[in-house]
Amino acid sequence: MADDSSTILVVDDAPDTLEVMQRNLTSQGYAVLSAPGVPEAIQILDNSPVDLVITDLKMPKVS
Amino acid sequence: MPQDRANKEIPGDSFRSKDPYGELSREILRLANRGVLRAEFLKEVSRMIMEVTCCDTVEIRTRERGRHFCSEATRGTPIIFNFDVTTTNGRLSSRIFPEMSAAVSDWESLLHDILFRNYDRSSNLFGARGLFKVGDETTPIRYRQLEPNREVERVLTFRGAIRSFAVVPFTADVESGCLLILKCGQRNAFSDETIEGLEGVAQNLGVALVHRHAQIALRERVKELTCLYGLAKIVGMPEISQEELLQGAVQLLPPAMLYPETATARMLLDGREFVAAGYGPGKASLSAEIKVAGISRGLVEVIYKEEKPELDEGPFLNEERNLIDTVAGELAIIIERRQSQMERNLLQEQLRHADRLATIGQLAAGVAHELNEPLGGILGFAQLALKNPELPASVSNDIKKIINASLHAREIIKKLMVFARQLPPQKMKVNLNQVAEEGLYFLEARCSKSGIEIIRQYAVGLPEIVADPSQLHQVLINLVVNAVQAMPQGGALTIRTERRDGHVALVVEDTGIGMSADVLRKIFVPFFTTKDLHEGTGLGLSVVHGIVSSHGGTIKVESRPGAGSRFEVELPVGEISAIKESEEDG
């Protein structure tokens with residue numbers, strides 16, 4: 001079981017992938033934040049402390 | 001009627017006309033018109049002269065393009081006939097021509113003087129046109145010979161059965177110095193009328209000889225052109241094989257020769273022999289090399305099975321030398337053209353194949369990529385669902401089946417992406433021997449179970465290459481698995497590494513069932529398989545192809561049904577910069 005304080009940010013443009021990841025990690029006891037795109041991810045990173053980011057590499061609208 | 005005919009019974013009756021010499025001249029010209037060969041011509045002319053005159057021997061000496069021809073016919077049944085040819089630059093015979101050897105004998109010396117008008121013309125022995133006749137040679141012949149600056153009295157004595165003879169000089173074309181010589185056992189055999197007739201006949205004989213030669217030359221030219229035309233016709237036949245071409249071409253040569261009835265021919269190409277009808281050992285041959293792109297590949301040869309008189313090159317004519325040189329040259333051009341056409345076809349086929357594979361690869365990768373996301377969803381949600389402890393056992397079993405099916409689908413997608421080079425290799429320095437050995441580690445058990453002996457032939461001192469070791473393992477495994485499946489009754493599996501120019505090679509060879517050409521064409525096409533549904537996806541060799549291509553290598557396959565298959569993977573010996581590049585990529 002993971003440490004209670006660990007927060008993971010999952011970034012993916014595919015909603016299904018995002019949901020699967022989120023639910024899997026939540027069931028492992030992590031606090032999970034999710035973002036469907038880069039702007040949203042940056043907004044979250046600016047506002048909340050995040051221990052780990054799991055992100056899709058190739059997403060639309062990202063240069 | 002001439003005197004000699006009244007005195008003697010004449011064999012045959014073809015010239016019993018009022019103008020026998022005119023008739024004889026016309027017969028000679030008709031004979032020339034038929035273009036008969038020289039020896040036959042001279043023999044027939046001699047026979048006709050003997051029919052018209054009473055002479056016992058007819059000798060005809062002619063010259064043509066540096067060669068001397070001498071024929072001698074003596075009355076008899078059949079006629080005794082001798083024919084000699086000498087070339088001025090070849091062996092010289094004293095018998096043949098007077099100016100060559102004026103001092104050899106009285107007779108030759110006399111002929112020499114007659115030919116060069118080297119005598120006192122007031123003598124009654126000589127006629128106006130250089131004719132010489134003797135009525136009775138039992139008495140010595142006296143005449144004044146005109147040497148430069150002095151006159152010499154010559155006395156010639158002849159022995160033998162000949163009593164009278166006549167020598168008529170004549171001209172054939174630009175070559176003067178031809179002689180018609182008639183000898184007779186009777187005294188005073190040649191009347192003035194006969195001599196006059198003979199002079200006319202001799203002049204016509206000169207014309208006939210030229211005409212005969214032109215006829216022969218024309219006929220030879222026609223034969224040569226027929227041969228070349230025949231060759232062009234064979235070459236123009238669509239779909240004709242090289243063997244058929246040569247077999248057809250060799251038959252064209254004998255009829256083009258001067259003596260087709262005794263001629264035969266053969267052609268050699270790359271150690272294969274093609275012969276014309278009646279081929280066998282001969283007395284003389286003329287050959288020309290078939291040189292393709294500067295390399296001798298064989299020859300064209302014409303053979304006379306019987307001895308024939310000396311001509312330009314042995315018994316062959318200069319024209320025949322030109323002809324077989326031309327035929328050999330044409331064949332070389334045809335062979336070269338066919339070779340490059342075949343190479344071009346092969347290259348085009350390879351390009352088409354590569355192009356088809358690339359198109360399929362792009363399509364497959366596109367589909368794979370599109371399917372990957374929904375598949376991720378299916379797998380992910382199925383795995384989540386399975387975690388629900390409240391699921392009934394039957395549902396949880398079904399979900400497990402969904403998960404397994406999804407995993408299978410994911411494998412296929414991965415392979416397609418490898419094939420389409422969508423998964424970049426993780427390159428590093430590797431030793432192919434080591435890769436092979438590591439790969440075989442997983443396969444040995446399977447091989448021995450199938451009764452297959454593994455033969456390792458690793459090259460010593462193989463240079464390292466830059467490659468993705470796990471992808472190379474995949475290549476080896478896929479090739480070996482195919483090989484094992486191709487040997488259901490067991491066999492030998494050879495794994496060989498080789499060092500080649502700038503490349504290293506991995507060779508996987510089996511002694512299995514092999515593949516037909518039809519199968520061979522499709523083996524790299526994704527989803528093509530000869531295996532049962534559950535045995536393979538039809539992607540194994542596609543993956544191999546993808547990996548090898550992404551390493552800048554090539555793959556070559558040789559296979560024959562029943563004789564096994566050999567796969568050769570060639571990979572370039574990479575540079576260190578290639579690793580850096582791939583590291584930067586990552």
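A polar contact is a pair of N or O atoms within 3.5 Å, and within protein one of the two must be able to donate a hydrogen and the other to accept it. In this predicted model, one residue pair, with both members at pLDDT 80 or more, is in polar contact between chain B and chain A. Of the six residues on the side of chain B that touches chain A, two are nonpolar, two polar and two charged.

**Interface between the chains**

Salt bridges between chain B and chain A number zero. The contact involves six residues of chain B and eight residues of chain A. Together the two chains bury about 640 Å², and carbon and sulfur atoms account for 62% of that area.

**Largest pocket**

The largest pocket has a volume of about 1,100 Å³. Its lining comprises 26 residues, and those nearest the centre come from chain A, namely A:Asp12 and A:Asp56, and from chain B, namely B:His369, B:Asn372 and B:Glu373. Which helix gives the most to the lining of the largest pocket? That helix is α7(B), with eight residues. At least two lining residues each are also supplied by α1 (15-27) of chain A and by α8 (393-419) of chain B.

The lining of the largest pocket divides by residue class as follows.

| Class of lining residue | Number of residues |
|---|---|
| Nonpolar | nine residues |
| Polar | eight residues |

Terms used:
Residues are numbered from 1 along each chain as its sequence is written. Chains are lettered from A and ligands numbered from 1 in the order in which they are written. This is a predicted model: local features need pLDDT of at least 70, side-chain atom pairs count only at pLDDT 80 or more; totals for chains, interfaces and linings use all residues. Side-chain values use heavy atoms; hydrogens and water are left out. On a 1 Å grid over the protein atoms alone, a cavity is a set of points where a 1.4 Å probe fits but cannot get out, and a pocket is an open set with protein on both sides within 12 Å along at least five of seven lines; lining residues have an atom within 4 Å of a point. Grid points are joined across faces, edges and corners, and a volume is the space filled by probe spheres set on the points. Helices (H or I, at least four residues) and strands (E, at least two) are DSSP runs, numbered from the N terminus. Ala, Val, Leu, Ile, Met, Phe, Trp, Tyr, Cys and Pro count as nonpolar, Asp, Glu, Lys and Arg as charged, and the others, Gly among them, as polar. Contact means heavy atoms within 4.5 Å. Buried area is the accessible area (1.4 Å probe) that two parts lose on being put together, summed over both. A salt bridge is a side-chain nitrogen of Lys or Arg within 4 Å of a carboxyl oxygen of Asp or Glu. A polar contact is a pair of N or O atoms within 3.5 Å; within protein, one must be able to donate a hydrogen and the other to accept it, and residues adjacent in sequence count only if both atoms are side-chain atoms.
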